[in-house]
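Colleague: I have the coordinates open. Walk me through the contacts, please.

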Amino acid sequence: MRRAFLALLARDIRLAAGMGGGGGMAVLFFLTVVAIVPLGVGPDRPVLELLAPGMLWVGLLLASLLTLDRMFQADVEDGSFDLLSMGPLPLELVAVAKSLAHWVVTGLPLVIAAPVLGILLNLPPATMPYLMLAMLVGTPALSFIGAVGAALTVGVRRGGLLASLLVLPFYIPVLIFGVGAVEAAAGGFEGQAARQALLFLAAITLAAIAIGPLGAAAALRAILR
Amino acid sequence: MSLTAAQRFHAYANPARFMALSERLLAPLSVLTLLTLGAGLWFALFSSPPDYQQGETVRIMYVHVPSAWLAMLGYSVMALASAVALIFRHPLADVAAKSAAPIGAAFTFLALATGSLWGKPMWGTWWEWDARMTSVLILFFLYLGYMALWATIEDPLRAARAAAVLALAGAINIPVIRYSVVWWNTLHQPASVFRMDGPTIAPSMLLPLGLMAAGFTLLFFTLHLVRMRAEIMRRRVRNLRLARADEGGL
Amino acid sequence: MEEFFHMGGYAAYVWTSYGLAAAVILALVWQSLCDWRRQSSLAAELEKAAGGRVRRAAAPAREDDR
């Protein structure tokens, strides 16, 4: 079972990397969203500094939303999902593998790209570690919560749009605590508020890892049986 | 007449029996709703004093608070019915869940809109990103997503299971959202004059408020019955059409 | 009476609230009733056309029908 799990994970990562549609495209999208902000609100440095944490997180959320709809859809379309559902792995573990692969090919590259984009938005260097830490802790939640949305919209035409509508309300706590951690650090509350926000982010991520695959598997069974 | 609770539960799972029972309930329930709402409106508009702080605007409360209450009740009914649908495969439960959503969404919208109309004269702003309003807005989005999911999946059985998963996930998430929004709000220290406690409710306001809340709740259940009946009929139509297509198509 | 409609100067807010609530509730009631009538008459029509041959299919959707 472990071998099947690892094989599925490796396959999904390789597929996404091979198509160039996974990490590279998401980072590129993230970059353009963040680059649009100064063009929209003006190049005033203090204003940008104020907006930076929020804008970086919003860009991150959008970038991971956009890649969500392919999580199960591609496999369902080419028939490999039928093989998966008959294989040794329970659907819950399939969902874990898929979410993990989504995180590796989109979440992780976005986290690595974030500090560079932070410079563009005049984010103080001292808060960079908090930004990266918060994103590292928070992004798995995006993939694991997103898996439920992706599973619910399998087989729906223009499912990506619907998945975004379904998933966004569930991303709000991640956004709030993610931005909160960075802002608290920027405001000089490194100790109290920033740690509190990081702990909550961790709690949300753990809960998402525990509950997300169950929901995704239930949704897949409901829709594809 | 010696049915156990479980047997009774499944006896009412029979849609034909539900249709008969709901038909008998509908007329008295409608009359009761109208009477309660009428009495509530009379007290809310004519026979209650203006608040000493908020003046006449306090009358907005008599539609705002019951709407907000129904927004919560609607989601609770939806989530409970979804759980029953997933666990017991009760054939009426997903009908109940689906029928509750548009009513809940409509009252969530009313709660937001009347809250905005109350906020303008009282706090000087149409919208305040305070914890309560923000989480009600997100609740509204959850309703819309749930309805959109029902609308996009054609087969009612599949749509029912998918929507039930979404409703339950939302039910888990609502307290998390609520808490995170409160945390977010304290971090940002709102600059407005808004206070969560508000005026304590005078006994003279309790009667109209109670009557309106009861009237709204009765209205919810009346509408819910009507919508459930329509939904059962819609599925019957669908099945009849499929049967006809089977006969004619082969 | 004029004082009543004036609502202590807050007429716009109070009456818009009640009007909006009435409009939304009435629309909801109307839509629900129309939908119910339409589906009922459609079902009756189809049942008559089927003439009792598809009694089983006329039963509402069940889990194990598929």
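Modeller: This is a predicted model, where local features need pLDDT of at least 70, side-chain atom pairs count only at pLDDT 80 or more, and totals for chains, interfaces and linings use all residues. Residues are numbered from 1 along each chain as its sequence is written, and chains are lettered from A and ligands numbered from 1 in the order in which they are written.

Colleague: How many residues does the contact take from chain B and from chain A?

Modeller: Two residues are in contact if their C-beta atoms, placed from the backbone, lie within 7 Å. On that basis the contact takes 20 residues from chain A and 23 from chain B.

Colleague: Which element gives the largest share of the side of chain B that touches chain A?

Modeller: Helices are DSSP runs of H or I with at least four residues, numbered from the N terminus. Helix 5 (131–152) and helix 6 (156–188) of chain B each supply at least two residues of that side. The largest share, 15 residues, is from helix 6 of chain B.

Colleague: How do the residues of that side of chain B divide?

Modeller: Ala, Val, Leu, Ile, Met, Phe, Trp, Tyr, Cys and Pro count as nonpolar, Asp, Glu, Lys and Arg as charged, and the others, Gly among them, as polar. The side of chain B that touches chain A divides into 17 nonpolar, four polar and two charged.

Colleague: Now chains C and B. Which element gives the largest share of the side of chain C that touches chain B?

Modeller: The contact takes 32 residues from chain C and 39 residues from chain B. On the chain C side, helix 2 (11–50) and helix 3 (55–58) of chain C give two or more residues. The largest share, 21 residues, belongs to helix 2 of chain C.

Colleague: Is B:Ile60 buried or exposed?

Modeller: B:Ile60 sits in the loop between helix 2 (15–45) and helix 3 (61–88) of chain B. Leaving aside neighbours within four places in sequence, its contacts include B:Trp118 and C:Tyr13. A residue is buried if 20 or more other C-beta atoms lie within 10 Å of its own, exposed if 12 or fewer, and partly exposed in between, with C-beta atoms placed from the backbone. B:Ile60 has 27 other C-beta atoms within 10 Å, so B:Ile60 is buried.

Colleague: In chain A, what is the handedness of the crossing where helix 3 passes helix 8?

Modeller: A crossing is left-handed if the near helix is turned anticlockwise from the far one by less than a right angle, and right-handed if clockwise. Helix 3 of chain A passes helix 8 of chain A in a crossing that is right-handed.
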